[in-house]
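Let's take a friendly walk through a protein model. Have a look at it first, and then read on for a short briefing.

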Amino acid sequence: MNVALEIETRNTYEDFALEKDIMYFRVGEHGLVSFHGKNYHIKKRMNTEQIQEITANSSFFKVNTDCYVNTKKILQIQDGKVFFEIKGADSKFASITKLRQFRLKEIVQQQSGSSRR
């Protein structure tokens, strides 16, 4: 019962949990950061310290110049794209450079190996 009330009172748009709710985010000009969740995206203006804090988070990996993906939410990495949901017309994905694709696959494999233990 308490869990249901907690979910209802928590406004995901204003008070989201970075690692739990966000699949990836993009850092734009003038401190504008666009966070992408399962069914939404939110733009927030952040100061330099806040941006440095979220980009230094070990759960996120830089896939290109302005985009960071949540390594715990990755479903598949293929053809220069990181997929977060079922592959298809409605899937969410972020583009990744070939150079970083190999490293990200290693990180995801290490995480899946350590979570089985």
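Helices (H or I, at least four residues) and strands (E, at least two) are DSSP runs, numbered from the N terminus. By that rule, the protein chain has 4 helices and 8 strands. This is a predicted model, in which local features need pLDDT of at least 70 and side-chain atom pairs count only at pLDDT 80 or more, while totals for chains, interfaces and linings use all residues. Residues are numbered from 1 along each chain as its sequence is written, and side-chain values use heavy atoms, with hydrogens and water left out.

**The chain as a whole**

- Starting at the N terminus, the elements follow the order α-α-β-β-β-α-β-β-β-β-β-α.
- The chain has 117 residues, and 38% of them count as buried (buried means under 20% relative accessible area, exposed over 50%, partly exposed in between, with a 1.4 Å probe and protein chains only).
- Among contacts (heavy atoms within 4.5 Å) with a separation of 6 or more, 44% come from residues 24 or more positions apart.

- Two strands pair if DSSP finds at least two bridges between them.
- Strand 4 and strand 5 form a hairpin, with 4 residues between them.
- Tyr68 in strand 5 stands opposite Phe25 and also opposite Lys62.
- In strand 5 (residues 67-70), Cys67 and Val69 point one way, Tyr68 and Asn70 point the other way, and all are buried.

**Aromatic rings**

- Rings of Phe, Tyr and Trp (its six-membered ring) pair if their centres lie within 6.5 Å; planes under 30 degrees apart count as stacked, over 60 as edge-to-face and the rest as tilted.
- The whole structure holds 6 aromatic pairs.
- One of them is the tilted pair of Phe25 and Phe60, with 5.1 Å centre to centre and 55° between the planes.
- This pair links distant parts of the chain, since Phe25 is in strand 1 and Phe60 in strand 4, 35 residues apart.
- Phe25 also forms a stacked pair with Tyr68, at 5.2 Å centre to centre and 15° between the planes.
- Because Phe25 lies in strand 1 and Tyr68 in strand 5, the pair ties together parts that are 43 residues apart in sequence.
- Phe25 counts as buried at 0% relative accessibility, and Tyr68 is buried with a relative accessible area of 12%.
- Phe16, Phe25, Phe35, Phe60 and Tyr68 make up one aromatic cluster.
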